[in-house]
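Please keep the sequence and the three-dimensional view at hand while reading the points below.

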Amino acid sequence: MTTISFPWPSHKEKTAIMPVFLPFAGCPSRCIYCAQNLQTAEKVLPLEERLGQACTMLEDRARNGRGPCELAFYGGTFTAQRDEHFHRCLTMAEAWLEQGLVSGWRCSTRPDSVSGERLRLMRDAGCSCIELGIQSFSDKVLEKSNRGYDASAAQEGMQRVREAGFALGVQLLPGLPGSTACGFLSDVARALAAGCALLRFYPCLVVRSTVLAAMYEKGEFVPLDVPETVTMLAEGLLLANAAGVPVTRIGVAYEQEFEQHVLAGPRDLNLGTKVRSYALCLALQRSLPKGAELLHAALPARSQGYCFGHGGENRELLAGLGLRPEITQWHDKDEVILEYR
């Protein structure tokens, strides 16, 4: 009997996150795919109103006996906001930390907008994680997407965040004009090599009122479909898992109002389940020698919900590999352990 194992990190955030969306705040330009106000179903409100809403929700959590959550400033370019807005966000985040309403806070921003001084101020105010919207490390893809920086700037941004002592999150956007499946896997590998602590995969969608929507309607852009997206993201997930790095988000979160604005692209509300299940199938298939008889499988309990795929679509494939209920055990470890002969 032979035993093998490989890491399978949980994709769940360790603590609950309360997002504060700041659509377009600090953005130097608008990328061809971007419709943040539609994507988050959030109106562009004055900063004080947005912070006031957050404060009310945090105080309600405390009154209801719920523990502190993590605060996350998402949308826009957090570190490029004008001074008064930037400092106001830091002041409130620090106050909520001191009051015990939040356990920590993070933000998302662009890799070319992480100056040393602002990083220092954020660290002093208790920020622990910075997520960079890298999108791609391809100069061609970045240029076509109107990102305004190149791959070297993306690399430098990741390095600055890490050297400043923050956990690094990297957001990738496969399926942009000019991108390829091989390019996406290269992007994942570069993010992992830079020491990222988490990854998010947001396959490109064609959303109404964007430049990309106009390109699509003219036949100048062909988006990914769901099957090819599942295959590509599953391979990216395997790279991350091998490095022990969690992929905490696959696809844009569901918002009912947003759905009417999606014109095309791999929009599937079960995309995460499909990608994680297929990745697990591939991992098992590649780990077991041809002709091996699987005797026992210990899988992370958190994978139980997606193991067999949406609607059991991968049940037959897994059965062909020998994964049967009677030899399967669910455990609390972030690894897969297989015994075979």
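Helix α2, which covers residues 47-63, packs with α3 at an angle of about 10°, and their axes lie 11 Å apart. The model in which this packing is seen is a predicted one. The points below take up that pair, then two further helix pairs, and finally a pocket.

**Helices α2 and α3**

- Angles under 35 degrees count as roughly parallel, and α2 and α3 are therefore roughly parallel to each other.
- On the α2 side the contact is made by L47, E48, L51, A54, C55 and L58, while α3 brings H85, R88, C89, M92 and W96 to it.
- Sorted by class, the contact of α2 with α3 has eight nonpolar residues, together with one polar and two charged residues.

**Helices α3 and α4**

- Helix α3, made of residues 83-98, also packs with helix α4, made of residues 116-124, at an angle of about 20° and with the two axes 9 Å apart.
- The pair α3 and α4 is therefore roughly parallel as well, and α3 passes α4 in a right-handed crossing.
- The residues that make this contact are D83, F86, H87, L90 and E94 of α3, which meet R118, L121, M122 and D124 of α4.
- By class, the contact of α3 with α4 has four nonpolar residues, one polar residue and four charged residues.

**Helices α9 and α11**

- Helix α9 (residues 226-242) packs with helix α11 (residues 271-287) at an angle of about 60°, with their axes 8 Å apart.
- That angle makes α9 oblique to α11, and the crossing of the two helices is right-handed.
- From α9 the contact takes in T229, V230, T231, L233, A234, E235, L237 and L238, and from α11 it takes in L271, K274, V275, R276, Y278, A279, L282, A283 and R286.
- In terms of class, the contact of α9 with α11 has 11 nonpolar residues, two polar residues and four charged residues.

**The second largest pocket**

- The second largest pocket has a volume of about 510 Å³, and its lining is formed by 24 residues, of which K12, E13, K14, P246 and T248 lie nearest its centre.
- The elements that give two or more residues to the lining of this pocket are β4 (102-109) and β5 (127-135), and β4 gives the most, with three residues.
- Divided by class, the residues of the lining of the second largest pocket are eight nonpolar, seven polar and nine charged.

Conventions
Residues numbered from 1 in each chain as written. Predicted model: local features only at pLDDT ≥ 70, side-chain atom pairs only at ≥ 80, totals over all residues. Heavy atoms only, no water. Axes fitted to C-alpha atoms, helices over the stretch in contact; angles between N-to-C directions. Helix = DSSP H or I, 4+ residues; strand = E, 2+ residues; numbered from the N terminus. Parallel < 35°, antiparallel > 145°, perpendicular 65-115°, else oblique. Left-handed = near helix turned anticlockwise from the far one by under 90°. Contact = heavy atoms within 4.5 Å. Nonpolar A, V, L, I, M, F, W, Y, C, P; charged D, E, K, R; others polar. 1 Å grid on protein atoms, 1.4 Å probe; cavity = no way out; pocket = protein on both sides within 12 Å on 5 of 7 lines; lining within 4 Å. Points joined across faces, edges and corners; volume = space filled by probe spheres on them.
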